[in-house]
Structures are given as C-alpha cells and as structure tokens.
Amino acid sequence: MAKQLAALKASYPEAKGVIKKRNLFWDGKLSPTPLSREYCVHIKYSLEQGLETWVIGDSLQRLDDPDFPHHYEICEKEKMVKICLYLPGTGEWSRNKVIANTIVPWAIEWLFFYEIWLSTGEWRGGGQHPAPGKRKEIEQNREPRAFGY
C-alpha cells in the first residue's frame with residue numbers, strides 16, 4: 001500500500017494522498033485533454049475491499065441521464081459517480097499492478113470518452129460491465145462512502 005501511495009505521489013505530485021486505517025485515499029484533478037475541464041477524482045483502495053474510483057463535483061453533467069455510461073453508482077445529490085474502469089475478476093487489474101500506471105490513466109481515458117459521450121450521446125470507450133449478479137455482489141461488498149481522511 002505504501003508503494004502504491006509513493007508511486008501516486010511521484011506521478012501526480014500536485015494531488016493529495018494518504019494511508020489511514022489500512023485504506024489508501026487519493027484525490028487529484030485530472031483533465032483528459034488540454035482543452036477539457038478539470039475533474040476531481042477520488043480513489044479509495046484497501047486490500048480487503050478493493051478499489052473504487054469516483055469522479056466528483058460540478059464538472060460532471062447529465063448525472064440524471066438514464067443512459068449515463070460505464071458506471072457503478074451515481075449520487076446526483078453529491079454530484080459524484082463511481083466509474084467503471086475494468087472488469088473485476090478478469091485480471092485486468094490486481095493489487096500487483098500500480099494504481100498510478102493503471103487506474104489513474106484509465107480514469108483519464110474514461111473522462112475522455114465521457115466528454116465524447118456528452119457531445120454525441122454515444123459511449124465510444126468500449127469495455128464491459130460485470131454481469132448483473134456479479135455487479136450486485138461487488139456493490140454489496142463495497143464500503144460506505146468515506147471520503148474524509
């Protein structure tokens with residue numbers, strides 16, 4: 001976990017990260033292109049609970065759209081979306097992979113395709129969601145939101 005945080009700090013020195021109670025919390029501002037908005041991205045990682053990536057804030061649009069793409073959860077009131085970056089259980093991501101080299105670049109890529117979706121209404125980022133039963137299992141195992149640290 002300390003190696004994950006060190007890699008995040010080395011790759012994104014302007015972001016904030018900390019390990020607290022066996023959880024890694026990271027908050028950074030990411031833009032998919034130089035002309036894009038800046039998005040607040042929050043990552044929570046624990047060895048027991050896995051990894052969650054959220055995009056948070058006023059830069060998000062159309063959270064009420066029933067076709068909002070490639071996500072696990074949306075909280076319109078708090079203006080946040082838990083984004084889908086990989087298919088769990090397939091080996092696309094595992095704890096042996098460096099978050100700074102995988103999850104953060106994938107979040108930037110997700111934001112890129114999100115902006116295209118905002119313009120065209122079509123998700124062009126590809127990917128798969130977990131099967132409905134597997135998704136429910138994943139959501140049941142998640143921790144309550146706890147972004148403060």
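In this predicted model, strand S2 (residues 23-30) and strand S3 (residues 39-46) pair in the antiparallel sense over eight bridges. Within this pairing, Phe 25 has Lys 44 of S3 as its bridge partner. Strands of a sheet pair through backbone hydrogen bonds, either parallel or antiparallel.

S2 and S3 belong to an open sheet of six strands, with the order S1-S2-S3-S4-S6-S5 and antiparallel pairing. Strand S1 (16-20) and strand S5 (71-75) form the edges, and each pairs on one side only. On average, neighbouring strands of this sheet are turned by 20° against each other, direction ignored. Helix H1 (residues 2-11) packs on the sheet and touches S1, S2 and S3. The direction of H1 makes about 170° with that of S1. Helix H2 (residues 103-120) also packs on the sheet, touching S2, S3, strand S4 (50-56) and strand S6 (80-83). The direction of H2 makes about 140° with that of S3.

The structure holds 13 aromatic pairs. The ring centres of Tyr 45 and Trp 93 are 5.6 Å apart and the planes are at 85°, so this pair is edge-to-face. Tyr 45 lies in strand S3 and Trp 93 in the loop between S6 and H2, so the pair ties together parts 48 residues apart in sequence. Tyr 45 is buried, at 3% relative accessible area. Trp 93 also counts as buried, at 10%. Tyr 86 and Trp 106 form a tilted pair, 6.3 Å centre to centre with 50° between the planes. Tyr 86 is buried, whereas Trp 106 is partly exposed.

Charged side chains also meet rings. The charged end of Arg 62 sits over the ring of Trp 117, 4.1 Å from its centre. Lys 82 lies over the face of Tyr 72, at 5.4 Å from the ring centre.

How values were computed:
Residues numbered from 1 in each chain as written. Predicted model: local features only at pLDDT ≥ 70, side-chain atom pairs only at ≥ 80, totals over all residues. Heavy atoms only, no water. Pairing = 2+ DSSP bridges. Helix = DSSP H or I, 4+ residues; strand = E, 2+ residues; numbered from the N terminus. Axes fitted to C-alpha atoms, helices over the stretch in contact; angles between N-to-C directions. Contact = heavy atoms within 4.5 Å. Phe/Tyr/Trp six-rings, centres within 6.5 Å; stacked < 30°, edge-to-face > 60°. Buried < 20%, exposed > 50% of the residue type's maximum accessible area, 1.4 Å probe, protein only. Lys NZ or Arg CZ within 6 Å of the ring centre and 35° of its normal.
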